Amino acid sequence: MNILKKTIFSVLASLLIIGNVYAADKIKIGTEGAYPPWNSKDASGKLIGFEVELAYTLCRYIGEQCVIVEQDWDGMIPALIMRKFDAIMAGMSITAERQKAISFSQGYADEVASLAVMKGSSLEGLDTPAGINLTKPNAAAKKALKTLTAALAGKTVCVQTATIHQNFLDSGDVGKVNVRTYKTQDEVNLDLASGRCDAALAAAVAFSDYAEKSGKPVVLTGPTFSGGAFGNGVGVGIRKDDTELLKKFNAAINKARKNGDISRIATKWFGFDASM
Amino acid sequence: MINSLPKLLNAAAITLKLLSVSLIIGLFIGLLFAILRLNKNIFINRFAYGYSYLFRGTPLLVQIFIIYFGLGQIEYLRTTFLWTILKEPYWCAIIAFALNTGAYTSEILRSAFQTIKPGIIEAGKSLGIPNKIIFYKIQIPIAIRQSLPAYGNEIILMMKGTSLASTVTLMDLTGVAKYIISTTFRPVEVFIVAGGIYLFMTFIIHNIIKFLEKKYSFNS
């Protein structure tokens, strides 16, 4: 009986301790931890990357403590809405579709998307401009979309699920391609390398990061994409009713930008200044 | 919510297709390995046991990942004709599901064979029926009848198992549910509808098995 009492007591005590840790007023930030260099994990499982470092910097400016929690990409927005955490910093672009469900802070970084193929693919070296903006596509951009439509007809293009890249392919701007969706960018990369995908679409840096780390001959092709379905930069996702926190993050981003923190951290992780 | 129902029902058809194709292949694999398990030769016997042990002892998710992503990593394989099959997520899922359900089915059938009373076989022998005919016309039908309840369970388990097809890019019921959630951000409602469809399919399968059990009941 005594042992039973002791056990119950110690279980309750430990629950209280655990409860206390979480009861403390920390801002919880959700990230994916699988989209380098935006956010990823090192060999020991610790979260690292541009957004992890930036999150701690922003929290210093806000003057509150933060914890960063991991969340699968496809459940990111539902988890925010269900209060599993208070903010999203996961390379999430600000799009009109997402803004129906959540608010976004001002953008803190922006970075173009690109198609990637394996070296030697017939899709290599498409005759398109270096980059196109889809917000108000000019004649060159429209021509590039036509070139892509012809080149991608009947091809399998792989993307991570619930991303701007999937939205773009679903939008029909490049005709009817066979879109295959994956839970993580890692899996997209694996299937691009295996040859199951004719091409893949993601942030250009996601491919260069993969090519560098894996040594696989992954090359970018076609134009880089921005605007339109690709959104207006990456911002902090926050619940719509959480206007206080939104103000805090916007102010912190202003300060961090002014002091050069965002461009310093961006340059460190991307190799170029992706801040905005 | 209502407008996502047709999409989910279409996806349920893909789930049923995955299920039926893998069950048919799995049944043949299961029957073959059940017979191998009953073989007196120790190597054949152990081989069959090893197969069933391997596929019953590891999670289906791991199996499907190894077959899809794992085999895709082997460069040599990509130069062989096997790649035309393994390149397709659909066939990778079918292979994984069929091998998995085959392992369970072999165990179900083996135990069913072993519960057949020796008297029945002896009766056949005393009537001068050849061993082969006894096996095909007496042992197999009895074993199938014996294993119906357990096999019904296996079908239901397998149906739920097909939800893992979405992890290798197939747009089955779970895959489409996830896709709808990715645009509506409403997981609870969508998963409840998807869950309801799974439940309905279980209801149908359960009743088919019940009907078959009654039809082939020994007492009728």
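**Figure 1. Pairing of strands S7 and S12 in chain A of the predicted model.** Over 5 bridges, strand S7 (residues 113–118) and strand S12 (residues 218–226) of chain A pair in the antiparallel sense. The model shown here and in the views below is predicted, not experimental.

**Figure 2. Pairing of strand S7 with strand S11 in chain A.** S7(A) also pairs with S11(A), in the antiparallel sense and over 4 bridges. Within this pairing, A:Ala202 in S11(A) is the bridge partner of A:Ser114. Strand S7(A) is mostly covered, with 5 of its 6 residues buried. Strands of a sheet pair through backbone hydrogen bonds, in either a parallel or an antiparallel arrangement.

**Figure 3. The open sheet of chain A and the helices packed on it.** The sheet is open and holds 6 strands in the order S8-S12-S7-S11-S9-S10 of chain A, with mixed pairing. Strand S8 (131–133) and strand S10 (178–182) of chain A stand at the edges; each has a single partner strand, so one side of each is left without a neighbour in the sheet. From one strand to the next, the twist averages 30°. Helix H5 (residues 139–152) of chain A packs on the sheet, where it touches S8, strand S9 (156–160) and S12 of chain A. The direction of H5(A) makes about 110° with that of S8(A). Helix H7 (residues 185–194) of chain A also packs on the sheet, touching S7, S9, S10, strand S11 (199–203) and S12 of chain A. Between the directions of H7(A) and S9(A) the angle is about 155°.

Figure 4. Taken along the principal axes, the C-alpha atoms of chain A fill a box of roughly 75 × 45 × 35 Å. Of the 276 residues in chain A, 45% are buried. Among contacts in chain A with a separation of 6 or more, 71% are between residues 24 or more positions apart.

**Figure 5. The cis peptide bond between A:Pro36 and A:Pro37.** A cis peptide bond joins these two prolines, A:Pro36 and A:Pro37, with omega at about 0°. A:Pro37 is found in the loop between strand S1 (27–31) and strand S2 (40–41) of chain A. Most peptide bonds are trans, and most residues other than glycine have a negative phi.

**Figure 6. Two non-glycine residues of chain A with positive phi, A:Arg83 and A:Ala162.** A:Arg83 is not a glycine, yet its phi is positive, at about 65°. A:Arg83 is placed in the loop between helix H3 (76–81) and strand S5 (87–88) of chain A. Is A:Arg83 buried or exposed? A:Arg83 is exposed, because 10 other C-beta atoms lie within 10 Å and the cut-off for an exposed residue is 12 or fewer. The phi of A:Ala162 is also positive, near 60°. A:Ala162 lies in the loop between S9 and helix H6 (164–170) of chain A. A:Ala162 has 23 C-beta neighbours inside 10 Å and therefore counts as buried, the cut-off for which is 20 or more.

**Figure 7. The crossing of helices H1 and H7 in chain B.** The axes of helix H1 (residues 5–37) and helix H7 (residues 131–161) of chain B come within 9 Å and cross at roughly 130°. This angle makes H1(B) oblique to H7(B). The crossing in which H1(B) passes H7(B) is right-handed. B:Leu19, B:Ser22 and B:Leu23 in H1(B) meet B:Ile155, B:Met158 and B:Met159 in H7(B). By class, this contact has 5 nonpolar residues, 1 polar residue and no charged residues.

**Figure 8. The side of chain B that touches chain A.** In this view, 12 residues of chain B are in contact with 17 residues of chain A. Helix H3 (60–72) and helix H8 (173–184) of chain B each supply at least two residues of the side of chain B that touches chain A. H8(B) gives the most to this side, with 3 residues. By class, the side of chain B that touches chain A has 4 nonpolar, 5 polar and 3 charged residues.

How values were computed
Residues numbered from 1 in each chain as written. Chains lettered and ligands numbered in written order. Predicted model: local features only at pLDDT ≥ 70, side-chain atom pairs only at ≥ 80, totals over all residues. Contact = placed C-beta atoms within 7 Å. Nonpolar A, V, L, I, M, F, W, Y, C, P; charged D, E, K, R; others polar. Pairing = 2+ DSSP bridges. Axes fitted to C-alpha atoms, helices over the stretch in contact; angles between N-to-C directions. Parallel < 35°, antiparallel > 145°, perpendicular 65-115°, else oblique. Left-handed = near helix turned anticlockwise from the far one by under 90°.
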